[in-house]
Amino acid sequence: MKVRSITLHRVGMPLVRPFETSFGRESARDVLLVRLETDTGDGWGECVAGSTPGYSSEYVDGCAHVIEHHLAPRLFAADDVVASDLGRLLSGVVGHRMAKAALEAAVLDAELRASGVSFASYLGAVRSEVDCGVSVGISTSIDALLDEVQGYVDAGYLRIKLKIKPGWDLDPVRRVRELIGADAALQVDANTAYVRGDIPHLKQLDASNLLLIEQPFDEEDIASHVALAGAIETPVCLDESLVSVGVTIDAIERGATSVVNIKPGRVGGYLPAVAIHDACVERGVPVWCGGMLETGIGRAVNVALAALPGFTLPGDTSASDRYYREDLTEPFVLSNGRLAVPTGPGSGVTVRTDLVRELALMPPRVVTR
């Protein structure tokens, strides 16, 4: 297909409650949306970068700039744009995986809508619904944390993930374990907040019988994750460290991770995410789908990805009302702890362009050749 224009929308999405991690606190999301117009139809993609370079080096302003000035011209110059060739087409731009992933999602959405194929079918989904977990931010108090977790348990979520950091770890985790019971699925995410010297402290988390501990050390410090994995019983899972299939395989073979969190935005798109999934399945490593507070646009495709066979653990594909009072698509609603996989062409959801306009932070930016 031929790309005619790319429109960048900036939307302010208030969260139903503030979300705090070791690297910051958010009360609203500054969301960058990509709308692709082609000669065969339109497609939408969502960029998962934050407003600041806290989680990664990418951030919304930078992603918008690199799309407009470096990635879009490569699409306009191509005689025929297909999603499977985007890796080669965009290879002249180093890094910027979240920006590339947003473009890839829009290209895939347009391509699949035109051919009448769903994301789930195209990616290789084997399930019609996926098990859902929920990510719980750092709270103002233990009592507030327990109230929030109880609400998610009552809603039916099948796994609880707690954000932790130094000074907010052993006691909150222990208290939540007591609340939800010994057999309920519980894991923790440190978002690189610890250092190697904290290994003896982190070993105390073994007492809470966790599914895994996610990314305790700096993303470039694979060696410390290897040391941690050898020192504790809790499985170690990597997130920020894993930016490609090659890096993922290396981390697995070095013993740094025995579970993998796959975030399409972090690895450059859904096709690279499928490649990582396949590499993990080949090596017997379970995977799960991470979340970045996506709206329904990104959530729809994450749910489709999470329906692939290797996704054996509940991911962060929570219902729309976990984050937003109104979503940018029809809402994703939890049923018996699961979300239905969209079956319509492309992402299978309809973007509420009226709400995109209403919540706009600035006028849309239309990019043409």
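Among contacts in the chain between residues at least 6 apart in sequence, what share join residues at least 24 apart? The share is 72%, where a contact means heavy atoms within 4.5 Å.

## About the model

This is a predicted model, in which local features need pLDDT of at least 70 and side-chain atom pairs count only at pLDDT 80 or more, while totals for chains, interfaces and linings use all residues. Residues are numbered from 1 along each chain as its sequence is written, and side-chain values use heavy atoms, with hydrogens and water left out.

## The whole chain

Let's start with the overall picture. The chain has 13 helices and 13 strands; these are DSSP runs (helices H or I, at least four residues; strands E, at least two), numbered from the N terminus. Its radius of gyration is 20 Å, close to the 21 Å that the globule rule gives for 369 residues, so the chain is as compact as a globular protein of that length. That radius is taken over C-alpha atoms, and the rule is 2.2 Å times the number of residues to the power 0.38.

Along the principal axes, the C-alpha atoms fill a box of roughly 60 × 40 × 35 Å. Of the 369 residues, 56% are buried, meaning under 20% relative accessible area with a 1.4 Å probe, protein chains only.

## The largest pocket

A pocket is an open set of points on a 1 Å grid over the protein atoms alone, with protein on both sides within 12 Å along at least five of seven lines; lining residues have an atom within 4 Å of a point. The largest pocket has a volume of about 410 Å³, which is the space filled by probe spheres set on the points, joined across faces, edges and corners.

Its lining has 29 residues, with Phe23, Glu26, Arg29, Tyr55 and Met292 nearest the centre. Strand 1 (3-21), strand 2 (24-38) and strand 6 (159-163) each give two or more residues to this lining, and strand 2 gives the largest share, four residues.

A cavity is a set of grid points where a 1.4 Å probe fits but cannot get out. The count is one cavity of 30 Å³ or more, and the largest cavity has a volume of about 130 Å³. Among its 19 lining residues, Glu46, Val48, Gly265, Tyr270 and Gly298 are the closest to its centre.

Tyr270 is also one of the buried residues of helix 11, along with Ala273, Val274, Ile276, His277, Ala279 and Cys280. Gly284, whose phi is positive, near 70 degrees, follows helix 11.

Key. Buried < 20%, exposed > 50% of the residue type's maximum accessible area, 1.4 Å probe, protein only.
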